[in-house]
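Here is a short briefing on one chain and the partners around it. Have a look at the structure first, and then we can walk through the contacts together.

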Amino acid sequence: MVELVWLIPALPLLGFFLLLLIGHRVGEPRSGWIATIAAGASFLATFVVFMGLLGRDGHSGDRSYEFILFDWLPAGSLKVEAGFLVDPLSITMALFVTGVGTLIHLYSIGYMHGDPKYSKFFLYLNLFLFSMLMLVFGNNLVVTFLGWEGVGACSYFLISFWHQRESAATAGKKAFVTNRVGDWGFMIATFAIWSALGTVTYTEISNSPAMSAATGTAVSLLLFVAAAGKSAQLPLYVWLPDAMEGPTPVSAMVHAATMVTSGVYLLVRMNSVLTDDALLVIAVVGAATALFAALCAVAQHDIKKVLAYSTVSQLGYMFLAIGSGAYVAAIFHVITHAFFKALLFLGSGSVIHGMHDEQDMRKMGALRAVMPITAGTFIVGWLAIAGVPPFAGFWSKDEILLAAWEQKNIGPLLWFVGLVTALLTAYYMSRQVILVFFGQQKWEEDVHPHESPWTMTTPLCVLAGAAVVGGAINLPLVKDWLVLEHFLEPIFHHPHHFSSGTSTKIALAVISVVAGLIGISIAILSWLTRRIPTERLEPEFLENAMYVDATYARVVGGAGTSSFQKTADFDAAIVDGSVNGFGRVIMKFGQLIQPTQSGYMRNYAIGVAVGALVIVAVLAWGLLL
Amino acid sequence: MVDTVVFIVAAAICLTGALGVILARNPVHSALMLVMTLFGIAVQFVAQEAHFLAAVQVIVYAGAIVVLFLFVIMLLGVDRAQNLELSVLPVQKWAALVFAGGSFAVLALLVIVVKEPVTGAEAMGGSATGDENVRLLARSLFSDYVYAFELTSLLLVIAVIGAVVLARKPKNVSDVVTEEGSEA
Amino acid sequence: MEITTGWYLVLGALLFVIGGTGLLIRRNPLVMLMCVELMLNGVNLSFVAFARQLDDIGGQTVVFFVLVVAAAEVVVGLGLVVAILRRQPGTTADDLSALKG
C-alpha cells in the first residue's frame, strides 16, 4: 500500500487542474468543495500509506520505501530521479500537512464567501498543497527544491491575493524576494553536497562518509540560510509579519502550519550533514529569533500580527531544538505548533469575519458572549501555546527547553532565553485573549459581530481537540510513551538521548510552567483588572518591530536602488544597444542593396544573363584547361 | 561543295533576320525578320537530315506563332514606330554588350577548343539514321518520351485556357481607367 | 571545306547571343518575346547538330518538345501582353516596375 504514495501529491494537483479548467464556471461554493475533497482524499491516501508503512517489517531498515517515477535528470554521473521517499519523517509531515490542510480548505469555504476570486483561491490552495507534498516526499534535494520553489510561488500568489491593495502586492513581492535569498543558500548547498558526496539522494547522503569539517559546516550554514528564508528566522524573517496581508486561511495554512516548517524539515532531513559548529550557530540564531519575535509581539495591535510574530518566535524554538541536537523535539513542536497555531489563526479569522473585517484588537473586546465557539477554541489554543499542561504545547516546548539545557556549549544560557521567551509568549497571548474576548466591549453596536458558520467552526473544534490531546504522541518519562521518538528513530544518524536525570527533567518542567503562569498573571493584572498601568507595556520601539524593516528599506532603497538603477542602465544602453545596433546595421545594409531592386524587368534579365554567363565560363574554364 | 554553299547562304539568312529582329523600329518589321530567320533555320534542319522538324518548324513556328504575333501587333496597334532609343537605363547598354561579347566568346571557345565533345554516355533515343526520319522520331516520341508527350499536351490545354482567361475583356469598362499611370 | 558540327554550333551560339542582346535592350514587350524565340531557335539548332553527330534521335525529340513549349509560352505571353496593353497602350517593359524594392 505504500506504492500509493504518488496519489498523495497527485490528488491536489488534479484538484488544481480541475479548478483551472472549470473553477470559474462552477463558482462558489462548489469549487471550494472540489478543492476540499481533493485535500481530504489526499489525507486519506496519506493515512493509507501510513498504515502500509507501519505494516512493513518493523526493523528500522525497512521503514523506508522509495518510489521512483522516472529518471529526471540523468547527466553524466549525476542521477536525479523524480522519486518519492516514504519514511517515518516524510509520512509524519504529510499526515499533518494534509490533515490540517483539509481542515483549512473546509474553513475557507465559509471564510472566502462572497469574494469575486473565490475559485482562484482554492486553485492556489490546492497547488500549494501539491508543492508542499512534493517537498516533503521528494527523495532527493532537487525534488525537494521543486516543492520548495512551488510553495514559495504559491505563497506569493496567496499573499497578494487581494492584489488591488497596494500593501498586499508589496507584501507578496517582499516574501518572494526574501525567500529567494534563502533559495540561493539551498542551491549552493546542493551544489556543494553534489561535489563533495557525488549524490543528491537522501538515502545515499545519509550513508555517505562525512565531509571535511569546513565543507560540512559551510554546507550546514547554507542549508540554514535556506531554512532561515523559508522559516522566517533572523535576519530573513521580515516577510512573515507582512504576509498577514493575505486572507486568514492562507496565514493559517502557509505561514503557520506548513510552509514555514519546511525549513525545519530540511534540516532534520539533512541531519547527517550538519556539523557541531553549525548546530551551535543554529541554536543561537533560533533562540535569538524566538526572543526577538516574542518582544515584538508584545506591542502589536493587529490580531494577526501578534500571531505572526508568535509564529516566528515558535519557529525559533524549533531551530533551537535542532541546534541542540534534539531533532525529534523539533518535529514534535512542528506538529503541535501546526495544531495550535492553525487553530489560533483560524480563530482570529473567525473573529475578523464576525467583526466584518475589523482587525484592530483595540476595537474588540467582550466577544466571548457573541462568539462562544470561537472563544472556546481560541482559549484552548491559547492554553496550548502558553505551555499549560496537559495541552499539547507544554509537552513539546518542554522537550525543547530540556534539550536546550543539555546543549553542551552554552546550554543553560539557551535554556534561560527559551524560558524568558516562554514567559513573554504566555504574556502576549493572554493579552490577546483578554483584549479580544474579555474586558469591555469597545465596538460600536452597529457592527453586529456574530458567530461563524459550521464550515468555519468545525475545523476550529477539530483543531482544538488535537491541541488538547496532541501531546500524547511523545510523552516523556516513560520509554513506551515516547511514540514519536521511536517512530522517527531510523532517520537519525546519531539519535539524541536526554542525559538529565528524572529529577532535573521534572524541575525544569515545573520552572517553565511557573514562568508561563507568571506571564498569564501579568497579562491579567494589566489588561483585565487594570492593576498595572498599561501605557509602559507597549513601547513604540517594539510596536515598530525594532525598526528592522525601516533599516532594511533604507539600505536596500538607498545604496541598493542606485546600484540596481546602474545595472538597468547598463542593460538598456549596452546590451540593448548592441542588439538594436546589430539590427540597424542590417537595415543599413539592406538600404545599400535596395537600388538593385529597380523593378525594371530588363535589369533583372541582365542579372540572370550575366550570372549564367559567369557560371558557364567557370565551368568552361575547367573544360578548357 | 553544295553543303558549304547551302550552309553559308542559310547562315546569312538567319543572321540577317536575327539582326533585323533586334534592330528594326517597327514591330511588324521585327516579325517579318523573324520569319526570315525561321526559314533559314528550317533550311539548316533539312541540311542535317531532320526533315520532319524542318516541316514542323515552318508550319508551327513561321506559320502559327509569327502569325499570332502579327495578330496581336495589329490588334493593339503598336505598329506605330517605337522609340528604339536604347533604354533609359544607361547601364543596360553596356551590360548588354558585355553579355553579348562574353557569351559569344565563351560559346565559341568551347566549340573550337574542345576536341571531344562526346561524353561517352549511352544514347537515349536510338539511332538517327537507321530508318526514315519521321518513323524514327515517331518511335522515339511515342515510346521513350511518351510521358513527356502527354504532359506537353496537358501544357497546351492549360496554355489555351490561360490565354482565354487573360485576354478576357474586363466586366466594367470603368475598372480599366481607375488609376492613372499605373498598370494592371 | 567540311561543315562540321562546330559550324552549326557557332551559328546557334550567334543566334542565341543576338536574341539575348535584343532581349536586354528592347523595351517593346512584343519584340522582347520575339527575341526569346530567336534564342530558342539557336538552341534548337544546336540540338539537331548534336543529334546528327551522336546519331541519337533524342536530340530531335527534344527539339520537338521545345517547339511545343515555345508555342504554349507564346500563347500565354501574348495573352498577358494583350491584357496589359489593352489598358495602357504604349506601355513598355520599363513601365512595369511596380515591384520596385
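Chain C and chain B bury about 7,200 Å² between them, and carbon and sulfur atoms give 76% of that area. On the chain C side, M34(C), I57(C) and R87(C) lose the most area to chain B, together accounting for 9% of what that side buries. Please keep in mind that this is a predicted model.

**Chain C with chain B**

- The contact brings together 72 residues of chain C and 87 residues of chain B.
- Which helix of chain C gives the most to the side that touches chain B? Helix 1, helix 2 (29-54) and helix 3 (58-87) each supply at least two residues of that side, and helix 3 gives the most, with 24 residues.
- Sorted by class, the side of chain C that touches chain B holds 49 nonpolar, 13 polar and 10 charged residues.
- For polar contacts across this interface, the rule finds 8 residue pairs, with both residues at pLDDT 80 or more.
- The salt-bridge count between chain C and chain B is 0.

**Chain C with chain A**

- How many residues does each chain bring to the contact between chain C and chain A? Chain C brings 13 residues and chain A brings 11 residues.
- The area buried between chain C and chain A is about 990 Å², with 57% of it on carbon and sulfur atoms.
- Helix 1 (residues 5-25) of chain C gives the most to the side that touches chain A, with 3 residues.
- By class, that side of chain C is made up of 7 nonpolar, 2 polar and 4 charged residues.
- Between chain C and chain A there are 0 salt bridges, and the rule finds 0 residue pairs in polar contact with both residues at pLDDT 80 or more.

**Chain C on its own terms**

- Chain C has 3 helices and 0 strands, so if you read its elements from the N terminus on, you get α-α-α.
- Of the 101 residues in chain C, 65% are buried.
- Its accessible surface comes to about 3,400 Å², and 69% of that belongs to carbon and sulfur atoms.
- Taking the contacts within chain C between residues at least 6 apart in sequence, 58% join residues at least 24 apart.

Key:
Residues numbered from 1 in each chain as written. Chains lettered and ligands numbered in written order. Predicted model: local features only at pLDDT ≥ 70, side-chain atom pairs only at ≥ 80, totals over all residues. Heavy atoms only, no water. Contact = heavy atoms within 4.5 Å. Buried area = accessible area lost by both parts, 1.4 Å probe. Salt bridge = Lys/Arg side-chain N within 4 Å of Asp/Glu carboxyl O. Polar contact = N/O pair within 3.5 Å; in protein donor to acceptor, adjacent residues only side chain to side chain. Helix = DSSP H or I, 4+ residues; strand = E, 2+ residues; numbered from the N terminus. Nonpolar A, V, L, I, M, F, W, Y, C, P; charged D, E, K, R; others polar. Buried < 20%, exposed > 50% of the residue type's maximum accessible area, 1.4 Å probe, protein only. Areas by Shrake-Rupley, 256 points an atom, 1.4 Å probe, with all protein chains shown as cover.
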